[in-house]
Amino acid sequence: MTTQSGITVESPGKPWTIVSSIPRPSPGKKQALVRSVVVGLNPVDPMQQQYGILVDEWPAVLGSDFAGLVLEVGEGCTKLKTGDYVFSCAFIGQNRYTPLQENFLVDEDLVFKKDEGTSLQGGSTFGAGLLTASLGLLAGTGITLPAPGTTPPKKEDWIIILGGSGTVGQFAVQLAKLCGYNVLASSSPSKASIPIRQGATTTFDSRAALEQQIAEIKKVTGGAFARVFDASAAGYDLAINALESASEAPVKYFSSVDDWSPFNTPSTIKEYRAELGHLGRYDEDLGATVSKQIAEWIPNLEEHIKHGSIKAIDYELVEGLGWEKAIEGLEKLTDGKATRKLAVVVGTEAVQS
Ligand SMILES: NC(=O)c1ccc[n+]([C@@H]2O[C@H](COP(=O)([O-])OP(=O)(O)OC[C@H]3O[C@@H](n4cnc5c(N)ncnc54)[C@H](OP(=O)(O)O)[C@@H]3O)[C@@H](O)[C@H]2O)c1
């Protein structure tokens, strides 16, 4: 058995450990073996390390967002070839598919092929953020992405994105804008410029009293909104109250990244929860649905990235290279010291800037 280096976690709560004994997988049908070059760190990584959420086996090889180099393709691949650079979100919790190891597997339909205008570091910021925002808005609120290079008619309607300064929120703002909506985003006041840079028309303070936030939503939108996407997992009460008391739409949508809290959403509001963690879990109905939807959206999203109509988000590059640096970044994220998306170079391949 050929082995390779990477980071494992022995069992929930145990530390990140660098090892060189991870089996190197081989690509199956429509799969590619990818060399991990840059990993984008995600809140889910420390959650998996600490609590074992969605982890299939222990010791676990974790990691979610990545940009890497295709080393080998399996039977039936038509999109990828050796030497291509790709990025996406991994099948989290499935050891052979995660990027905190030298080489891992991808399904060719579930990765973005990197274009010349996107760096590997920038590419590592898209995965979970863009795919979760796509689930939240396209599947969750029924909006449609325009064909690349086309501009949909400008809508009168607003979409409200709660947590517009976060990774998922920033991509959600970009998508809602791209689909022709006016975007009202919430954030903490010091981060209001972030959703504005991504295309939000205006913002409001996510830490103000609930009544104040609803009044602000009412004032800005005049009631012309049917859709609220909570990209913060902290906005349920606000979203439901705002939809009930401030929206004049006949059909209302509440969509959320919170797939763990019990909700009691009124029947007048269509509720949707993004569940990206089930990507690549083909043996479950949910996993099969999520994977199929994302495979259908990727060609269009990929073209938008190429056209520059969907852009990488701002990130902080952890200085240095290798697994030690990845652990340094993961610990920074765990300690709540990351102020932006963190990207870490782990591979020795040429990293275009
Ligand atoms: N279900 C899924 O499929 C799925 C997929 C990916 C992520 N998630 C979850 O989605 C959430 C966001 O992920 P992310 O990667 O975008 O994280 P992130 O970059 O850390 O963003 C977190 C966002 O939440 C906001 N926030 C934090 N505390 C808040 C509060 N008390 N009130 C209002 N807003 C608050 C932050 O706003 P400020 O910084 O402006 O204060 C920021 O916009 C996480 O909980 C993550 O676990 C779920």
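Predicted model: local features only at pLDDT ≥ 70, side-chain atom pairs only at ≥ 80, totals over all residues.
Accessible area here comes from the Shrake-Rupley method with a 1.4 Å probe.

Switch to C-alpha atoms. Along the principal axes they fill a box of roughly 65 × 40 × 40 Å. The radius of gyration is 20 Å, which agrees with the value near 20 Å for a compact globule of 353 residues.

The secondary structure consists of 9 helices and 16 strands. Colour by burial next: of the 353 residues, 57% are buried, where buried means under 20% relative accessible area. Among contacts with a separation of 6 or more, 70% join residues 24 or more positions apart.

Select the ligand and the residues around it. The shell has 23 residues, and those that come nearest are Ser165, Ser188, Val257, Ala274 and Leu276. By class, the shell holds 9 nonpolar, 10 polar and 4 charged residues.

Go on to Lys191: an N or O atom of the side chain is 2.9 Å from an oxygen atom of the ligand.

Last, hide the protein and show the ligand surface. Taken alone, the ligand exposes 920 Å². Bring the protein back, and 75% of that area is buried by it.

Technical notes. Residues numbered from 1 in each chain as written. Heavy atoms only, no water. Near = heavy atom within 4 Å. Polar contact = N/O pair within 3.5 Å; in protein donor to acceptor, adjacent residues only side chain to side chain. Nonpolar A, V, L, I, M, F, W, Y, C, P; charged D, E, K, R; others polar. Helix = DSSP H or I, 4+ residues; strand = E, 2+ residues; numbered from the N terminus. Rg over C-alpha atoms; globule rule 2.2 N^0.38 Å. Buried < 20%, exposed > 50% of the residue type's maximum accessible area, 1.4 Å probe, protein only. Contact = heavy atoms within 4.5 Å.
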